[in-house]
Amino acid sequence: MDFVTMNILDSAMVSICREMGITLMKTSYSTIFNEALDFTCGLADMSGDMIAVADYCPAQIGGMPLLVKSCLKEIPIAELEEGDIILHNDPYRGGLHTPEHTFFKPIFVEGEVMGFAVAIGHIAEVGGMAPGGFCGEATEIFQEGLRIPPVKIVKRGVDNVEVWKLLLANVRTPRVNYGDLKALIAAVDLGERQMRGIYAKYGKEKIRETVADLLLYSERRMRAELEAIPDGIYSFHDFVESDGVDSDRHYRIQVEVHKKGGSIIVDYHGSSPQAAGPINATLGVATSAAYNAVLHMTDPTIPRNSGCFRPIEVMAPPGTIVNVDFPAPEVGGNTETHPRIVGTILGAMHSAVPNRVMAAEGATHCNFVFGGVDAETGEYFACYDLEGVGWGGRAFADGNDAVDSINGNCRITPVEVYETRFPWLIEGLAFNVDSCGAGEYRGGVGYTKQMLCVNREIICSQMTDRHVLPPWGLEGGLEGGCGATLVQKAGRDDWQTMRDAYGKPSTSRYSNVAIKEGDRVRLVMPGGGGYGNPLARDRAAVAHDLREGYISPEAAGKLYGYREV
Amino acid sequence: MSTIIGIDIGGTFTDFVSYDTDTGHIENWKNLTTPAEPIVGVMEGLGKLDDLGVVSKARLGTTIATNALLTRRGAKVAYITTQGFRDVPFIQRGDRRSHYDITWIKTRPLVARADCHEVAERLTAKGAVHTPLDEEAVRELAARIRADGTIEAVAVCTLFSYIDPGHEQRIREILAEELPGMPISISYDVLPKWKEYDRASTTIADAYLKPVVSENFREMKARFAQAGIGSKVGVIKSNGGEATLAGAADAPVQITLSGPTGAVVATRIMSELTGIPNLVVFDMGGTSTDCSTVVAGKEHVTTSFEIEWGIPIQIPMIDIHTIGAGGGSIAWIDKGGMLRMGPQSAAAVPGPACYGRGGTDATVTDANVVLGRISPDNFLGGQMKLDAAAARAAVARVAEKLGMDVDECAFAMVQIANNNMLGALRAVLLQRGLDPRDFTLVASGGAGPVHICDLMEIAGIPQGLVPNYPGQFSAFGFIMTDARVDRHRTVQQISKYFDGERATRAMTELVEGAIDELKSQGYTQRIEIHRSIEARYMGQNHELELSFPADEFSEDNIADMWERFHREHEARFGFSIPGETIETVNLKVVAVAVSDKPEMRELPVTDAPPQPASRRKVHFADGWHEVPVYDRATFRQGDRIAGPAVVEESASVTILQPGQALGVDRIGNLIISA
């Protein structure tokens with residue numbers, strides 16, 4: 001292997017991916033892109049294998065290889081022309097969920113396709129039954145927005161106007177969508193242009209050879225990491241609560257991890273049959289989640305490409321919550337079920353790699369989405385936004401407070417941006433005392449966002465979790481605090497769940513609730529589970545948590561056996 | 001006769017550059033840094049001058065603020081904010097440092113949660129008062145802070161104060177009455193821009209630094225006053241400009257990144273002196289390399305600095321990208337069998353193997369010695385003799401593990417180190433949409449010239465420049481700089497309903513504020529004002545900066561501004577959306593009080609081709625070459641040599657690649673062309 005060229009090529013390609021991301025961040029319109037950075041930019045070879053990626057959103061990284069490969073089945077390489085850009089979002093064609101839009105552009109060198117520049121981004125508004133793309137009560141994929149099979153949105157460098165018209169006619173915020181789609185196109189244009197420069201410099205043969213070596217190198221490093229993990233069969237399970245349709249049913253996620261030598265198999269047999277509501281994961285999501293868990297357990301400096309995924313195999317029986325069959329809804333599979341799967345795999349592996357796991361994290365993105373007509377400007381607005389949760393405690397440290405769940409790495413939109421964009425007045429962002437699962441190392445805390453509606457009406461939907469089943473602890477650590485969504489109708493003093501206030505089947509997943517001016521909404525985010533016996537916690541750490549207001553005096557006494565001196 | 005002095009307090013050495021304004025004579029010297037009390041080393045170094053009476057100006061790069069932040073030795077701060085929002089500094093942005101790192105621990109803010117307080121008050125996003133300020137609550141809070149007795153400074157940041165600072169200013173008034181002498185920072189003064197977390201974090205950092213910087217400067221001022229130059233000392237701010245000690249102590253967050261700006265200011269001066277508009281400088285030290293650009297004669301200013309990951313300081317600073325790659329970066333082999341360099345560094349102690357101070361790890365410097373690029377007899381001008389055998393032995397140990405021969409391995413080490421630096425160059429060029437082909441690469445730091453030609457080649461930069469005294473380039477920047485104030489403010493408007501009067505009013509306030517700040521520090525002469533706006537398509541969240549040369553917004557120049565925005569967007573991102581609504585977000589003003597610049601002495605014109613002092617073997621991509629070695633001190637204006645060649649000088653060496661050519665310009669810069 002020519003390690004020097006490999007090192008140079010790898011960092012050049014990752015830096016191109018990063019440049020693509022910067023373009024997206026700077027030119028896109030939705031807060032989910034430009035504040036939360038819910039997108040991914042990568043490069044693929046002509047078979048669709050990912051050869052480089054920049055660190056933006058992990059949920060999308062693991063899904064990229066399957067995505068590109070699925071599209072190439074439908075639009076073979078022979079049908080691609082220079083300057084084409086393919087758009088796709090169909091979960092049933094290798095996608096993750098309808099909001100996730102994938103753009104890819106072939107990189108032509110001397111008339112031959114060498115690979116692709118790829119950008120995947122979360123488009124906030126995709127049509128369908130609820131503004132903002134997350135309809136907690138959907139029962140069919142058709143309610144979750146427009147499905148786009150692989151189509152050429154740009155043909156030989158020219159906008160394919162028919163496709164644009166069709167797309168923009170089916171969403172509530174065409175102006176914003178236009179800006180976001182243009183930004184994604186600018187990103188793949190940049191990636192393709194830069195890669196052609198790299199080809200001009202090194203030549204096709206050298207790059208083909210070096211990229212093959214690079215994938216092999218990542219594979220080798222991944223296998224070395226896996227070999228260090230004790231062989232064995234490890235199992236664990238967790239539940240996703242309700243599906244928005246059948247309120248009292250929990251859905252089992254079962255994993256059995258077979259670890260032998262330098263390979264690992266994640267087997268999901270025993271998981272629940274697919275749900276009627278939108279909590280199902282596609283095979284792409286379940287695969288991406290397994291990759292995500294394994295990447296968390298191994299050295300984070302391994303170059304991320306399809307090579308790292310070669311030692312990982314996934315078995316997901318069709319017709320289950322981890323490999324859903326058409327045409328069931330699945331938008332929440334990507335945001336909620338994904339982190340739940342990752343947590344379950346980490347739970348299974350905790351005895352094998354105690355320093356590479358954590359107790360359960362909050363594992364939800366909140367996904368409180370809304371839309372409406374701004375009373376002042378008359379323009380339609382829609383928002384997909386997310387919130388942070390507490391991480392689980394670890395064998396060596398407390399869980400982090402208020403961080404995006406581990407299948408995303410998104411930012412919270414600042415209050416001053418949020419209120420400038422949307423007609424809410426946020427009344428507080430405050431940590432939830434005692435939401436950190438007690439332990440020798442405690443879980444992180446969640447927080448509560450309270451908002452006052454200052455528009456005539458805002459139509460809200462949500463797809464969250466952990467209202468009923470708290471985040472579990474490990475090794476004697478206790479459960480973390482649950483989340484909640486509560487509403488206080490104008491003129492009333494009491495706070496109600498969405499179930500009580502609007503007769504929805506579930507408190508955590510629902511669609512199209514009309515929040516009126518003067519109503520308040522409270523989004524309570526879960527904490528994380530604790531790790532180890534709370535009685536073994538360092539007394540100075542308990543005193544610190546008490547002084548700093550993370551735990552109450554009652555919890556200090558009852559859970560930690562702490563008495564102030 | 002009068003002398004201007006630049007002083008750069010580094011980790012190991014304090015560098016001095018003096019310039020005699022009458023004769024144009026420049027002198028360089030060093031003194032060991034005295035980390036416990038840097039002023040001691042500074043005064044010792046100044047002792048080299050016979051008479052401090054000739055000093056007309058001394059400018060100082062200081063690490064006081066940087067160190068206080070990095071070691072967390074600032075004040076105990078109380079933070080006051082809007083009811084409901086005291087957890088903003090703890091929630092932060094919600095993202096994490098890197099993917100897949102389950103060992104990551106979220107960075108703590110510079111305040112304790114128990115010291116964060118809320119008062120009832122609230123503005124809306126349009127600046128209307130939703131809840132009036134509860135003044136009584138502020139007084140009660142002040143009483144608590146007084147009773148607590150441990151609080152050393154107060155930071156105030158309320159929601160939407162960038163639109164209307166009334167509540168923050170009133171809070172400050174009340175606190176000043178109740179807590180006389182307490183240092184107070186309010187966010188409107190520190191950073192009147194939107195996004196509450198970033199503004200809060202910056203304001204807290206300012207308060208955190210106030211007591212420690214004030215105390216340090218008081219001591220420093222006393223020592224300078226004793227020496228009779230009390231009124232002549234300026235300190236370098238993170239924007240590369242000068243402030244008085246008192247001015248900097250009032251807004252200490254402005255000097256977060258003082259020292260490293262010197263090389264960038266020096267690069268801008270080089271741009272003026274040589275007429276080369278676009279320069280990219282890499283300042284290569286032992287453990288790290290700083291990269292930055294000068295585009296069209298101007299340094300690039302950023303507001304995205306972070307103390308530690310997740311803790312932003314958003315005041316305007318010169319945009320310097322730092323990576324952990326330097327001469328001391330250590331070679332290692334990762335689990336996949338790949339050779340890697342750094343970021344672990346052998347630093348100054350024990351240092352690279354060739355220093356002979358007990359270091360055994362192979363470093364970039366060792367590889368350079370093995371390859372004949374650095375002469376063991378002429379390191380730091382011969383002050384320090386290097387152990388070539390130790391360098392070779394260290395590299396051989398790495399080579400054995402890789403199954404390579406020693407020369408091959410040393411060459412691979414240099415290539416990988418170069419590649420790491422290439423990453424930093426890409427970050428300041430390509431990732432900002434700048435084309436390397438439009439740039440000249442400037443080498444700074446003792447190690448810079450050793451790598452400049454390699455980097456030109458791999459980065460596709462066609463021209464290189466090695467200044468005089470590359471090791472003291474940063475201190476040289478200090479003698480050339482001006483007093484400078486950067487002021488930003490969020491004033492949000494959209495093109496459909498753009499109110500030119502409102503914009504003019506806000507811009508005028510900014511300009512007046514900046515001029516006042518300069519004048520209050522005694523900088524009253526030759527003040528230049530540069531105005532700009534930051535705008536975007538409505539809905540976007542990141543802005544493009546457009547210069548705005550006029551005093552007032554008029555119908556014509558507003559229309560022209562929208563036109564320029566579309567064009568700039570097209571040029572920067574490859575597309576524009578004609579007819580789309582544009583939103584202006586921030587107004588920016590830079591005020592500069594121009595100081596007298598030293599004139600560089602010209603070299604005599606050449607009359608004969610330069611003669612090499614010796615020859616030696618140097619390893620290049622295609623193997624060993626015996627090459628001529630020139631002494632830089634013998635060069636004249638207009639001299640030209642062709643690569644491969646080596647140019648030695650007292651604290652550095654330039655390695656010219658085969659195929660490259662080197663010329664000497666009017667003032668002695670080495671100009672390298674590909």
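## Chain B as a whole

Among contacts in chain B between residues at least 6 apart in sequence, what percentage join residues at least 24 apart? In this predicted model, the figure is 66%.

Let's look at the overall build. Chain B contains 16 helices and 35 strands. Its radius of gyration is 26 Å, close to the 26 Å that the globule rule gives for 674 residues, so chain B is as compact as a globular protein of that length. Along the principal axes, the C-alpha atoms of chain B occupy a box of roughly 80 × 65 × 55 Å, and 53% of the 674 residues count as buried.

## A parallel sheet and its helices

Chain B holds an open sheet of 4 strands, paired in parallel in the order β6-β5-β9-β10. At the edges sit β6 (116–119) and β10 (184–186) of chain B, each pairing on one side only. On average, neighbouring strands of this sheet are turned by 20° against each other, direction ignored.

Inside the sheet, β5 (residues 77–82) and β9 (residues 153–157) of chain B pair in the parallel sense over 5 bridges. Here Thr81(B) stands opposite Cys157(B) in β9(B). Helix α5 (residues 166–178) of chain B packs on the sheet, where it touches β5, β9 and β10 of chain B, and its direction makes about 170° with that of β10(B). Helix α4 (residues 135–148) of chain B lies across β5 and β6 of chain B, running at about 160° to β6(B).

## Where chain B meets chain A

The contact draws 50 residues from chain B and 64 residues from chain A. On the chain B side, the elements giving two or more residues are α3 (88–91), α7 (196–226) and α12 (406–428). The largest share, 6 residues, comes from α12(B). By type, this side of chain B divides into 23 nonpolar, 16 polar and 11 charged residues.

Key: Residues numbered from 1 in each chain as written. Chains lettered and ligands numbered in written order. Predicted model: local features only at pLDDT ≥ 70, side-chain atom pairs only at ≥ 80, totals over all residues. Contact = placed C-beta atoms within 7 Å. Nonpolar A, V, L, I, M, F, W, Y, C, P; charged D, E, K, R; others polar. Rg over C-alpha atoms; globule rule 2.2 N^0.38 Å. Buried ≥ 20, exposed ≤ 12 C-beta atoms within 10 Å, placed from the backbone. Pairing = 2+ DSSP bridges. Axes fitted to C-alpha atoms, helices over the stretch in contact; angles between N-to-C directions.
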